[in-house]
Amino acid sequence: MNRKLIYAAAAILALSACSSKTGKNNDIQQTAEAKTPVVSVITASKQTVPQTGSYSASIQAYAVNNIASQTGGRIQKLNREIGDFVSAGDVLAELDRIQLDQAELTYRNNERELQRLSGLLKEGGVSQSDFDSFELSYKVSKSNYENLLENTILRSPINGVISARNYDRGDMYSMSSPIYTVQQIVPVKLLVPVSESDYTRIKKGDSVDITVDALPGKTFKGSVLRLYPTIDAASHTFSAELVVRNENRELRPGMYARATVLFEEVDRIVVPDGAVVKQQGSGQKLVYVLDADNCAHARVVETGRHIGNEYEIISGIEEGETIVVKGNSNLKSGEKVEVVK
């Protein structure tokens, strides 16, 4: 056989084999492209979801009293130190008693004299006008004594803790600053700025959970005590006063706290994290819903709270619909899928 014919025949066979191989690869590629996506699904159902708002604020004393006198004088006694816990009525400080002792002497003498004149008035030994005049003098001396007593022997008006002492024993009290500051820390309070969008949601008496950085792992229970009536025009917020009982005195004024207010509880559809697909760029969130023919259709949803590994769905899905929870990362809307458990 002619050598040229042999080479030509070999070339034809080789070309035929390459074409056959290429065709086989195309078939494999087409088969791969036509493969049906495999997904897992659940049926959308409602759960009771607490509606909350979270706010940051500093712990404040429930009440703050500055212990001071209306008159100057030398400080004779200081009975408490910073950090001491005191009860209402405890004597904290005493000033010089000279004026007080004089006022008490006048008051006691007038008290005895009034009793004597009262007896004479019954017997006609003194006129009514003279008795009334002396009775007025007695009342003035009594009032003067009680005022000096209150401003010489200084007592705590509340149960609390001494947070400041500004004088030492023997100092001349000049009324420029209080002798003591007492803060009531059982209970404590917080003033939190609430957005005006929550104006109709938050109510007096709503339950509150309080956490503080200084006491990790602990949650304190409180409630909404009062709502301030005006809204700040610049920040569009209003103040809500929260109160926490703080029986163990663990919370202290100045601590940074986070408050979570429970507005109400509502029934909402809740889905796993994996069901929600976040679109890059647009910020939209999608959930794929299956129809009767197992075709997946993308729905734009509005999500609410992120609770653990689940999302609250506010709108976009109806109860009872079948939604894709796995295998949805590369799905296209309208694409037919295969469902596996």
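This briefing describes salt bridges in the structure shown above. The model is predicted. Side chains of opposite charge can pair when their charged atoms come close.

**A pair within helix α2**

- R108 and E111 are joined by a salt bridge, with 3.5 Å from N to O.
- Both R108 and E111 belong to helix α2, which covers residues 98-123.
- R108 and E111 are 3 residues apart, about one turn of the helix.
- R108 is partly exposed at 30% relative accessibility, and E111 is also partly exposed, with a relative accessible area of 25%.

**A pair between two loops**

- K218 and E250 form a salt bridge in which the closest N and O atoms are 2.3 Å apart.
- This pair links distant parts of the chain, since K218 and E250 are 32 residues apart.
- K218 sits in the loop between β11 (207-212) and β12 (220-227), while E250 sits in the loop between β13 (237-244) and β14 (256-272).
- K218 is partly exposed at 36% relative accessibility, and E250 is partly exposed with a relative accessible area of 27%.

- A salt bridge connects R97 with D101, and their closest N and O atoms are 3.4 Å apart.
- R97 has a relative accessible area of 32%, so R97 counts as partly exposed.
- D101 has a relative accessible area of 37%, so D101 is partly exposed as well.

Methods
Residues numbered from 1 in each chain as written. Predicted model: local features only at pLDDT ≥ 70, side-chain atom pairs only at ≥ 80, totals over all residues. Heavy atoms only, no water. Salt bridge = Lys/Arg side-chain N within 4 Å of Asp/Glu carboxyl O. Buried < 20%, exposed > 50% of the residue type's maximum accessible area, 1.4 Å probe, protein only. Helix = DSSP H or I, 4+ residues; strand = E, 2+ residues; numbered from the N terminus.
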